[in-house]
Amino acid sequence: MSPIFLSLLLLLFSHSSDSRSIADVPVLSSADAAVDLNSSTFEDFFKKSPADFAIVEFFAHWCPACRNYKLHYEKVARLFNGPGAVHPGIIVMTRVDCADKTNTDLCDRFSVSRYPMLLWGPPIKFAAGRWDPKKQNNEIQSIDDGRTAEDLLNWINKRIGRQLI
Ligand SMILES: *[C@@H]1O[C@H](CO)[C@@H](O)[C@H](O)[C@H]1NC(C)=O
């Protein structure tokens, strides 16, 4: 499916008044659009990322809610990441498996308190390697309303003050 067609499809779904939504858009390929990161790749990846913003999903592979969430997260990631992206370069979407022991320290430094947990911020702030929710001024913030693909997209649209889809 061409990116333009996908774009139209999403536009149609998000503006129609019936109950269809971005969540109904079929998954088009089996390759993940979100980038898997771990403790050895995390810092370097964000140092080099040219995107304006980044989202990190902290999850645990054993967590059923995380498995269900993956479909939603991927639907949004496809809009921004990968060869079929309709809005490339703005937001890089990533994930870290906190159930992998090598990532325990990384997840602790980002104050991961539940799964899945989404953080938003400029890539360079993630490269700094920590987040403390009690400190307000470090430009990383928790995405409190991203439970479905549509919720997440709405949150992003609001945050960047632009209607992307
Ligand atoms: C992190 O991911 C990279 C690339 O996928 C992989 O080569 C490496 O072995 C992983 N490192 C750890 C500690 O899991």
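**Ligand surroundings and backbone geometry**

In this predicted model, the residues that surround the ligand are Asn-38, Ser-40, Thr-41 and Thr-102. Taken alone, the ligand exposes 360 Å², of which the protein buries 38%. By class, the shell around the ligand comprises 4 polar residues, with no nonpolar and no charged ones. Two of its polar side chains may be examined in turn. Asn-38 places a polar side-chain atom 2.3 Å from an oxygen atom of the ligand. For Ser-40, a polar side-chain atom lies 3.1 Å from a nitrogen atom of the ligand.

The next topic is helix packing. Two packed helices are described by the angle between their axes and the distance between the axes. Here, helix α3 spans residues 64–80 and helix α6 spans residues 149–160; their axes come within 8 Å and cross at roughly 45°. The crossing in which α3 passes α6 is right-handed.

The loop between α4 (104–109) and β4 (117–121) deserves attention for its backbone. Most residues other than glycine have a negative phi, and most peptide bonds are trans. Ser-111 lies in this loop between α4 and β4, and its phi is positive, near 55°. Pro-116 also has its place in the loop between α4 and β4. The peptide bond leading from Tyr-115 to Pro-116 is cis, with omega near -15°.

Key:
Residues numbered from 1 in each chain as written. Predicted model: local features only at pLDDT ≥ 70, side-chain atom pairs only at ≥ 80, totals over all residues. Heavy atoms only, no water. Near = heavy atom within 4 Å. Polar contact = N/O pair within 3.5 Å; in protein donor to acceptor, adjacent residues only side chain to side chain. Areas by Shrake-Rupley, 256 points an atom, 1.4 Å probe, with all protein chains shown as cover. Nonpolar A, V, L, I, M, F, W, Y, C, P; charged D, E, K, R; others polar. Axes fitted to C-alpha atoms, helices over the stretch in contact; angles between N-to-C directions. Helix = DSSP H or I, 4+ residues; strand = E, 2+ residues; numbered from the N terminus. Left-handed = near helix turned anticlockwise from the far one by under 90°.
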